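Please look over the entry shown here; a report on selected features of its backbone, helix packing and chain interface follows.

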Amino acid sequence: MNATATKPEAFPEKHYVNAEYGIRSWLLTTDHKRIALLYLVSVTGFFFIGGIFAALIRIHLLTPAGYLVTPETYNKLFTMHGVAMIFFFLIPAIPAVLGNFLIPLMIGAKDLAFPRINLLSWYLYMIGGGLVLFSFLSGGLDTGWTFYTPLSSVYSNSAVAPAVLGIFINGFSSILTGLNFLVTIHTMRAPGMTWFRMPMFVWTHYATSIIMILGTPVVATTLALAGMERLFHLGFFNPALGGDPVLFQHLFWFYSHPAVYIMILPAMGVISEIITTFARKPLFGYKVMTAASLAIAVVGFLVWTHHMFVAGQSTYAALAFSLLTMLVAVPSAVKTFNWTATMYKGSVSYDTPMLYAFGFIGLFLIGGLTGLFLGTLGTDIHIHDTMFVVAHFHYIMVGGAVFGYMGGLHLWWPKISGRMYPEFVARISAIVLFVGFNMTFFPQFVMGYIGMPRRYHTYPPEFQVLNVLSTAGASILAIGYIVPIFYLLWSIRHGAIAGRNPWPSTGLEWQTASPPPTENFAVTPEVTWEAYDFDNRPDLGLARAADRGHK
Amino acid sequence: MSEHIVSRGIYAGIGATLLIFTGITYYAATVDLGPLNVVIALTIATFKASLVVLYFMHARYSPRRTQLVIVAGFFWLALLLGMTLSDYLTRAWQSI
């Protein structure tokens with residue numbers, strides 16, 4: 001950590017956490033920062049529920065015959081793992097926790113545009129989550145997180161209806177969050193905070209909100225239709241009732257492919273903030289990066305049938321979608337190159353958030369490039385529905401989104417809690433997570449490429465070495481997730497006082513106290529500097545780049 | 001921000017128009033026009049939906065930005081329907 005030369009700051013006497021006391025003050029709060037903490041606790045809970053299912057899957061796959069659970073239970077484990085992780089952790093994690101906390105602070109606003117709707121979105125999330133947990137406990141769910149029909153609408157004997165209703169309700173939570181962000185960013189920016197002075201984190205949340213608003217109603221409606229087919233035998237997707245199962249896949253993936261960008265775009269925003277902070281340089285190609293964020297949001301809507309190349313769709317449509325899939329690689333590559341260029345000749349330091357950012361870039365690169373294998377018609381037919389696909393999307397969702405989330409949590413933990421975490425332990429933990437992640441998922445690329453299908457509870461013995469390696473990696477991965485909980489909680493009481501701007505960084509959120517007061521800023525700030533302008537910010541206490549010997 | 005006040009006459013007129021076109025939809029469904037039945041039903045439904053959006057939802061009197069949001073929603077719906085149809089309409093080509 002590079003502290004500024006100023007004397008240590010005192011911990012603020014009054015801040016958003018101690019502004020009010022009691023459970024009621026939390027459950028009825030309209031403060032975006034408190035709501036972010038409600039989300040932090042909730043999504044962490046779902047993460048560990050999903051994590052327990054993942055652990056059971058990996059233990060089961062230690063042996064080719066799979067002695068731990070029955071085939072039916074295995075189906076339920078991977079389904080419930082996917083539902084908990086995707087709908088209740090990955091999609092809300094960065095927007096609802098970090099986005100909620102930071103967007104008003106970053107643009108100099110006192111709160112989001114609709115504080116009550118913000119609280120409502122958390123309640124909808126909890127109601128949806130409660131229904132899904134009810135389905136887990138009342139017979140479980142075995143359809144796969146994709147709810148493909150007619151399995152989900154006709155043949156499954158598991159608790160599909162409450163799960164579908166829960167995800168439907170949770171979808172509205174996502175829509176309301178996106179709506180709140182869009183209106184806030186449009187209407188509540190502080191004087192001088194022009195569009196092209198906004199941090200990249202805000203831009204990526206803007207792009208994410210567009211996807212949330214335009215895509216989520218489609219998946220909510222689609223799951224409602226599947227639910228109606230199951231409960232009332234209305235024919236939408238069941239061929240026996242005149243429906244078409246491929247139509248379900250079209251409608252489902254119209255949202256669920258862009259949903260990957262709901263997970264990854266906010267993480268890209270986090271990584272931009274981390275890299276500029278710890279390279280002490282403006283973001284390379286700022287305007288191109290904003291365009292790339294919006295391009296990912298738009299082009300991400302045009303590629304969905306690459307999930308259906310072997311589902312019976314038209315070969316010609318598949319060809320067109322395969323080509324369109326290649327397009328989305330362009331803005332993603334632009335971002336990766338620009339992060340690298342930002343670090344070039346910067347004063348790079350290796351603090352914990354930066355280690356997560358390094359991990360993100362490498363893992364997202366592998367995840368993205370293997371996505372091109374899957375988006376190419378010929379290779380997809382070979383590796384479709386194999387463990388290769390599982391490895392690919394975990395490199396994007398865990399290597400990308402979760403590493404972004406962890407990096408962001410560490411970057412802004414001093415702002416959220418007002419305290420520093422133990423840096424050495426945190427760095428070790430980040431490295432453990434990186435090693436454990438690769439050990440878990442890289443073998444899955446290999447086993448998938450040589451033919452092991454996904455979602456099978458048994459496998460031929462020749463795959464056992466790779467599976468044992470993967471399970472061993474998962475146990476290391478678990479340590480990388482659990483250790484931060486302990487040291488972050490420890491830091492709340494025992495960590496060093498962070499001060500306003502411990503790294504230091506250029507964003508408006510670092511201009512106010514840590515933790516911030518309820519109203520965020522005592523006086524509405526006025527922005528007179530460009531984004532990430534380290535050179536013209538004497539308040540940061542940094543030498544100018546030219547004086548540091550950097551061009 | 002001042003809100004545009006829509007007169008009761010316009011609301012009544014739009015309401016009456018919607019009822020009349022509901023009647024026309026019913027009548028059109030009783031006449032066998034082959035594939036045109038669906039086209040006519042959908043055209044009437046689109047017209048009625050447009051009236052609801054323009055007048056009952058005040059889109060006609062809204063700021064440009066709000067109108068842009070509405071257009072974006074329909075554009076995305078067109079993407080969903082059009083690109084899904086690109087699959088259905090080209091499946092028969094597979095034997096070529």
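In which segment of chain A is Pro515(A) found? Pro515(A) is found in the segment after H15 of chain A, where helices (H or I, at least four residues) and strands (E, at least two) are DSSP runs numbered from the N terminus.

This is a predicted model, in which local features need pLDDT of at least 70 and side-chain atom pairs count only at pLDDT 80 or more, while totals for chains, interfaces and linings use all residues. Residues are numbered from 1 along each chain as its sequence is written, chains are lettered from A and ligands numbered from 1 in the order in which they are written, and side-chain values use heavy atoms, with hydrogens and water left out.

**Backbone geometry**

Most residues other than glycine have a negative phi, and most peptide bonds are trans.

Asp385(A), a residue other than glycine, has a positive phi near 60°, and it lies in the loop between helix H12 (377-383) and helix H13 (387-417) of chain A.

**Packing of H8 and H9**

In chain A, the axes of helix H8 (residues 245-279) and helix H9 (residues 286-299) come within 10 Å and cross at roughly 170°; axes are lines fitted to C-alpha atoms, for helices over the stretch in contact, and angles run from 0 to 180 degrees between N-to-C directions. H8(A) is therefore roughly antiparallel to H9(A), a term for angles over 145 degrees. Tyr261(A), Leu265(A), Met268(A) and Ser272(A) of H8(A) make the contact with Met289(A), Ser293(A), Ile296(A) and Ala297(A) of H9(A), contact meaning heavy atoms within 4.5 Å.

**Interface of chains A and B**

Chain A gives 22 residues to the contact and chain B gives 16 residues. Between them the two chains bury about 1600 Å², 69% of it on carbon and sulfur atoms; buried area is the accessible area (1.4 Å probe) that two parts lose on being put together, summed over both. Leu214(A), Ser314(A) and Tyr316(A) supply 30% of the area that chain A buries against chain B, more than any other three residues. Across this interface the rule finds zero salt bridges, a salt bridge being a side-chain nitrogen of Lys or Arg within 4 Å of a carboxyl oxygen of Asp or Glu. Helix H6 (160-187), helix H7 (200-232), H8 and helix H10 (315-343) of chain A are the elements that give two or more residues to the side touching chain B.

Technical notes: Angles under 35 degrees count as roughly parallel, over 145 as roughly antiparallel, 65 to 115 as roughly perpendicular and the rest as oblique.
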